[in-house]
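Biologist: Before we discuss particular places in this complex, could you show me the sequence and the structure together?

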Amino acid sequence: MFLYSLTLQRATGMVCAINGSFSGGKSQEIVVARGKILDLLRPDDNGKLQTLLSVEIFGVIRSLAQFRLTGAQKDYIVVGSDSGRVVILEYNKEKNYFDKIHQETFGKSGCRRIVPGQYLAIDPKGRAAMIGACEKQKLVYVLNRDTATRLTISSPLEAHKSHTITYSICGVDCGFDNPIFAAIELDYSEADQDPTGVAASEAQKHLTFYELDLGLNHVSRKWSDQVDNGANMLVTVPGGGDGPSGVLVCAENFVIYKNQGHPDVRAVIPRRADLPAERGVLIVSAAMHKQKSMFFFLLQTEYGDIFKVTLDHDNDRVKELKIKYFDTIPVTSSLCVLKSGFLFAASEFGNHALYQFQAIGDDPDVEASSATLMETEEGFQPVFFQPRKLKNLVRIDQVESLMPIMDMKVINLFEEETPQIFSLCGRGPRSTLRILRPGLAISEMAVSQLPGVPSAVWTVKKNVNDEFDAYIVVSFANATLVLSIGETVEEVSDSGFLDTTPSLAVSLIGDDSLMQVHPSGIRHIREDGRINEWRTPGKRTIAKVGSNRLQVVIALNGGELIYFEVDMTGQLMEVEKHEMSGDVACLDIAPVPEGRQRSRFLAVGSYDNTIRILSLDPDDCMQILSLQSVSSPPESLLFLEVQASFGGEDGADHPANLFLNAGLQNGVLFRTVVDMVTGQVSDARSRFLGLRAPKLFSITVRGRRAMLCLSSRPWLGYIHQGHFLLTPLSYETLEYAASFSSDQCAEGVVAVAGDALRVFTIERLGETFNETAIPLRYTPRKFVVQPKRKSLIIIESDQGAFTAEEREASKKECFDAAGIGENGNAEQMENGGEDEENNDPLSDEQYGYPKAESERWVSCIRVLDPRTTQTTCLLELQDNEAAFSICTVNFHDKEYGTLLAVGTAKGLQYWPKRSFDAGYIHIYRFKEDGKVLELLHKTQVEGIPLALCQFQGRLLAGIGSVLRLYDLGKRRLLRKCENKLFPNTITSIHTYRDRIYVGDIQESFHYCKYRRDENQLYIFADDTVPRWLTAATHVDFDTMAGADKFGNLYFVRLPQDVSDEIEEDPTGGKIKWEQGKLNGAPNKVEEIIQFHVGDVVTCLQKASLIPGGGEGLVYGTVMGSVGALLPFTSRDDVDFFSHLEMHLRQEHPPLCGRDHMAYRSAYFPVKDVIDGDLCEQFPTLPVDMQRKIADELDRTPAEILKKLEEIRNKII
Amino acid sequence: MSVFGGDSWGREAQYRKRRVDDLIIEGIDGCGYKKLPNGKLVCLLCPHHPVLDTPLMLSQMHVKGSRHRAAESEQKERELSRQYQINKRIALADSSSTAVSSTSSEVRCGSTKKPLIEQVHKAASEILAGESPQCSTLDKSDKSPDVRSDICYYKKENQSIAKSNATEVVAAPEVAFQQQLDYKNRRERELKLISAGWKRDAHARWFKDENVEFDSDEEDPNVYLGQ
């Protein structure tokens, strides 16, 4: 078996983010690392974040930093990754890619203890960079420029110190003196030597300054001083005339200003009033903003509160350190303050946000200061505050994030054309159930009922130079309705259109006149109101029309074509007639090329399964230029012109092209390239869109021509980052559509479906999935689907939080204390009309849950109807219990029908040692048609049931290391059979016929069998590789797929002969089992597939995402990405893609210096998987490189692109 | 090969080599190996499918190896047993129609030479057709001794465990048919009891496995089966 791996949804979480001016000049951009992906984002004029570039680097990005050479206008990006190399990138604005300027190797690859890459620090003046490891090693590179003003990098200077753990490093701003780097370090050499543990308890963190002597080209330890043992982060303080220099040390509960030869200035971080005393406050992210006259810091705590830190200084002397409450936003991994007045918050979990500054916190608020710091006998006096709603910030945009995907299932619950992906995302109060559907999201602007069932709709401008459309024309079976677009949309009768007949086409013709084609003629409405009518000869009627701005071709019944042109006076003149051999099925004229009088091509589709391209040139008018036969009669034709593009922000290089698209009656979209000179067609591609013949319409998307195809669901064909993408829209079936532009909606679509007229816009182009989010209460753990009742049952649990009732009570108390009513304070009430946010002044989504002691658990079981997004039942577990596993079970010959089993643990604690008070299995029955749960009984077990599964009318449970079979009793579950021979903890159970596939937390899969006649469970095969299993799924009788916590995906299979032997053996291999082998089962499974995904896979499922498509493996990861592995069906494809992959590996090595092959084989050698993500980088290569690779493969680049498109279309 | 081009002997030599290869390999059974696209050969008989570089290695070395031979003989055995099974099924297939169509004793008598499985089949069809399979009646005829003894055995068991009246059991053909079903049900019930955690002692009495839990009101199979 060979698999093709493709990421469907790239990682949505963010690890770190930096901001700067990477394209040079005044523009502000953000570079974010999403694990293995490097993205460049920019807020556009409307405050929406746009992704300019997204590159998969096939490595792990661990740190990012930006720097600017003195006097330069542009920032560079330094990347610390797992490649053992430091890479400096420059963004190339013209060609829209990251240019690798320097790549310096310093160590082994992989995320290792002593190989640098974890920390990066930059000299604020851009003269040097330090890259550090978690332990021992730190390297300093001197950055400079040569005579041609190119960036140069020196060989590394060592600043190593052995037996030292590094917590944070940063550059110290000391103007143009020798660059200094600061680090929080801990020396463990003594603690290592001392077996009594005294030295370990006395270990002390130090703040150390390293000075780079530019003259001697040498790094030395300049100064070292004790800091709090809670110190975790350093922030650079401006210096060299702008400020006092030095660093801010963020420690538990304190922020301390430190500098060499300066006394410490310490201030306490204000605490939330409801925080338990045992909990400290740590700073998790920081941003510094510097203007000419002032600077300040924004520090965010682990609870989400942002504090503004200011230093009151007199030259180099800091007099006071002030920490003032600023605002509260969800906890971030990075904060970026943009010079343009935005704050970008890369959230730790959940959606990322872009905020705009309303104020910079000058208003009085809770403030802690170094001047008022009081030390008492119990320690320093804390300062308390109460979080409030946003005052200084306002959120203007969100970037959706699925991180982390906890569980995921692909199922067609809504009976749509394609299955939906139900995923449990997020953590704590920001957790959601997200329903992903392949396709683009749309936002509906208006829906209005029409008096009848319309057959077609058009929009027209009055003048070619108008920005917006003037009329919407709707055609019915026997009438035409004209609506004018203004402030409102209303019916008009003075437009000149004939309203007593259906219309076949309505368009702007010439510069400023309108044309209506109806079955018996053409009505030409001049700008001054004059109307010219052209009538069809005899009793013949017009069947089809094709037109552009200057040319019209009509097809009469019987197959006669009549060609009209607009002459110099704006008159529509008949030019030519042509008799076709039979009826015309559809026709279209190519758009008039820029600067030309007419278009040269007319495409005519006939019922004999052909498409002809006819010339419209005066010299060879109506001559057939080329003929293309298709699989089924064409229903609709559309010429799509793609303008030439030379790089730029949203495109790769490509020449101008003319595509002919045809919607065939069998539901296939057929697409060919038409030679702009000869009219010859080539490079035909087809794709099945749906059960109905696609109707094609030209619309505008982001200022470019795009194609809307209406089959059984709508599709959009458009160009995104240089690729032509054809994606479905998540909308209902439409009949007819036209582009729509008005002052409220610049780029919309108006469409008819049923008896309604709909106006909508298409959003978030370039995304594979659109999502519907349903908020949940606690971190979701697992869920099961009840396909019959179409409901989901979700278990959620959180540590260290209060239950809903306790929170309600404390909230009320808190508001009472503050004198505010539940619905905001009295004053606001009077004002009235406040938005919804005011109703919930402290939404948990924004502020997080109040923290409880860490041993407290809250948990709930939820029955959710995803169709209505309503929760029909929510059971909160009591007594510190938390749910961890769930399954539905039908006990044989018991009266209850389907029951729900939930495995819980009471009083679970992970630290200092995993312990718990008790484990239970709850059995619930469904009531009220599955909407409500009722507890039947609960059974105490001696471990935590982490896996449950139905098996032959009983319940299999993995309780710690014991696999046990339960039957339903009257008051409790009855233990019927067990096997205690599993190595650690059972985390997954799958069953198929009489086989049981058990996944162990750190020992991969065990294949078991249940013998009914002996009432015994025994293991007949296991894996030889110790895998730390995070996800598992059953593939076939002998095969299991699993994922481990190091980011590997693998398949194991029992060899066929062994499998046969076991099935044939009357004892089921029992005798052999008793013998065992290598301290395990007698048989060993073989690894058949191995692939390093580079991200922890949390859920796996065998599924098909397209109707009629082959089944593949779909997975979701912690970083919020969704991927698929599709088995190849032909050996030729395997050969082709493995060669393409090989060439790409050689010709296009990954950006951050990690070898592709080494990355995909990070833990185990990659086996029989082809990396589609690498293959899909082929179109981004320069044209000559593409040609070179294509030559080696004996193909053309177009064929390779076609192949890539084909395989992608097989998956989604 | 000639490096000078032109009418080199190289191509000819290549042809010759290929021909020799073909000859070498001719001696080997065609379905025992497969030629891979890269020209190598894979032995299909051996379970681990070894890949061999040249036909020579296949025909001269590998085929004579002990592992290959073992695999080969195993393959032959499998083939034989398969053939045997097929024969059995074929025989069964063409007799079943006659058995169903006719219940006369002549046909039954003529079928004594057919394989064993067929006799079983016939006995079953007999029972289904309403014939009496009682021990006494069967004893009189000289056919299908195995089936007879089997059925007798069930009956004895029945008698001993259920302590039921033998004369009642053997009374009518419906009862006999019932017995057949009883056996199945009985087996199923036994399996159910075993999987529910009951065990048998030396006197065929049921007792509870001490490692298994039971509902407090669970019935004792000794009681309700004993009736």
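Biologist: In which strand of chain A is the place of A:R612?

Modeller: This is a predicted model, in which local features need pLDDT of at least 70 and side-chain atom pairs pLDDT 80 or more, while totals for chains, interfaces and linings use all residues. Residues are numbered from 1 along each chain as written, chains are lettered from A in the order written, and side-chain values use heavy atoms, without hydrogens and water. With strands taken as DSSP runs of E of at least two residues, the run at residues 610–615 of chain A holds A:R612, and this is strand β54.

Biologist: Is A:R612 buried or exposed?

Modeller: Buried means under 20% relative accessible area, and exposed over 50%, with partly exposed in between (1.4 Å probe, protein chains only). Because its relative accessibility is 13%, A:R612 counts as buried.

Biologist: Which side chain is joined to that of A:R612 by a polar contact of 3.2 Å?

Modeller: A polar contact is a pair of N or O atoms within 3.5 Å, one able to donate a hydrogen and the other to accept it within protein, and residues adjacent in sequence count only if both atoms are side-chain atoms. One such contact, of 3.1 Å, links the side chains of A:R612 and A:T610. The contact of 3.2 Å joins A:R612 to A:S606.

Biologist: Which residue of chain B forms a salt bridge with A:R975?

Modeller: A salt bridge requires a side-chain nitrogen of Lys or Arg within 4 Å of a carboxyl oxygen of Asp or Glu, and the count between chain B and chain A is four. For A:R975, the closest N and O atoms are 3.9 Å apart, and the partner is B:E213.

Methods:
Helix = DSSP H or I, 4+ residues; strand = E, 2+ residues; numbered from the N terminus.
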